[in-house]
Amino acid sequence: MTNRIAVFGGTIVLTVLALATDGRADTISYADAVSLLANDCGSDIRKYCKGLNLGGGRIQTCLEQNEGKVSPACTVTLANVITSISQRQSAQSSFATICKHDIAQYCKSVKGEGNVLSCLNKATRVNEGQCGQAIIDAGWR
């Protein structure tokens, strides 16, 4: 009996974890981007970009200027991070336009962008469309 409960409990935990990861953002956060770059490009940054501060695209520019010298892993990670962050920024800036119809349909009387976003996240029909994908890409779900 105890084994059955343990197996049942383990199955529930795995199901919850699978559902939780299924709804994760397709884009990465700035913090995750920095972590990925530190892991895959840390030695290249120390070697070719020593003394440069993060921000303003200085590290990106430095790595791109030294493209032939940096490791292949760093090159791939940098390209993926740039693509993902661009996708996130685009989704955040175009969210209101993409979700205009869904906002009018499901959250018409809701005021304030945070409240509208919360309303859209509760409207399950939004999950399947472009608005739902924009919310995921923006990193808000």
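This is a predicted model: local features need pLDDT of at least 70, side-chain atom pairs count only at pLDDT 80 or more; totals for chains, interfaces and linings use all residues.
Residues are numbered from 1 along each chain as its sequence is written, and side-chain values use heavy atoms, leaving out hydrogens and water.

**Overall build**
- The chain has seven helices and zero strands, where helices (H or I, at least four residues) and strands (E, at least two) are DSSP runs numbered from the N terminus.
- Of the 141 residues in the chain, 28% are buried, meaning under 20% relative accessible area (1.4 Å probe, protein chains only).
- Among contacts (heavy atoms within 4.5 Å) with a separation of 6 or more, 51% join residues 24 or more positions apart.

**Helix 4 meets helix 7**
- The axes of helix 4 (residues 72-98) and helix 7 (residues 130-137) come within 8 Å and cross at roughly 140°; axes are lines fitted to C-alpha atoms over the stretch in contact, with angles from 0 to 180 degrees between N-to-C directions.
- Helix 4 and helix 7 are therefore oblique to each other, the term for angles that are not under 35 degrees (roughly parallel), over 145 (roughly antiparallel) or 65 to 115 (roughly perpendicular).
- Q87, R88, A91, F95 and I98 of helix 4 make the contact with Q130, C131, A134, I135 and D137 of helix 7.

Definitions and conventions
Buried means under 20% relative accessible area, exposed over 50%, partly exposed in between (1.4 Å probe, protein chains only).
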